[in-house]
Amino acid sequence: KELVPMRSDKAISELKIAVRIAKADTKEIGHHKLRHSFASELLRKKANPEAVKELMRHSGSMEILFKHYAHVQRDDLKEAVELL
């Protein structure tokens, strides 16, 4: 099945509805945090960075993508030490 990108205004509207239904704090959940979590988790799971960049419609450089979205987690440190 072909992926059809959702317009950003539609995605934000859907997110607001989901937050309201979940009765979550709207200050804690927003499209920027969702976007950040999406990219960070994909990169952490070793997804192809070019694919992540395309899925995000990220127009910046790969350097910016990694600087802002690729974070070291505690599990990553443990995994690195276990390689020894």
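Trainee: Which residues of α4 do P49, E50, V52, K53 and M56 in α3 meet?
Mentor: Heads-up: this is a predicted model, where local features need pLDDT of at least 70 and side-chain atom pairs pLDDT 80 or more, while totals for chains, interfaces and linings use all residues. Residues are numbered from 1 along each chain as its sequence is written, and side-chain values use heavy atoms, without hydrogens and water. Contact here means heavy atoms within 4.5 Å, and helices are DSSP runs (H or I, at least four residues) numbered from the N terminus. On that basis, the partners in α4 are M62, L65, F66 and Y69.

Trainee: Are α3 and α4 roughly parallel or roughly perpendicular?
Mentor: α3 and α4 (residues 62–69) pack at about 85 degrees, with axes 11 Å apart; axes are lines fitted to C-alpha atoms over the stretch in contact, and angles run from 0 to 180 degrees between N-to-C directions. Angles under 35 degrees count as roughly parallel, over 145 as roughly antiparallel, 65 to 115 as roughly perpendicular and the rest as oblique. So these two helices are roughly perpendicular.

Trainee: What about α2 and α3: roughly parallel or roughly antiparallel?
Mentor: α3 covers residues 49–56, and α2 packs against α3 with the axes 10 Å apart. The angle is about 165 degrees. That makes the pair roughly antiparallel.

Trainee: Which residues of α3 make that contact with α2?
Mentor: On the α2 side you'll find R35, F38, A39, L42 and L43. By class, this contact has eight nonpolar, no polar and one charged residue. The α3 side is P49, V52, L55 and M56.

Trainee: How is α2 set against α4: roughly parallel or roughly perpendicular?
Mentor: Their axes come within 9 Å. They cross at roughly 100 degrees. That makes α2, relative to α4, roughly perpendicular.

Trainee: How many polar residues does the contact of α2 with α4 have?
Mentor: R35, H36, A39, S40 and L43 in α2 meet L65, F66, H68 and Y69 in α4. Five of the contact residues are nonpolar and one is charged. The polar count is three.

Conventions: Ala, Val, Leu, Ile, Met, Phe, Trp, Tyr, Cys and Pro count as nonpolar, Asp, Glu, Lys and Arg as charged, and the others, Gly among them, as polar.
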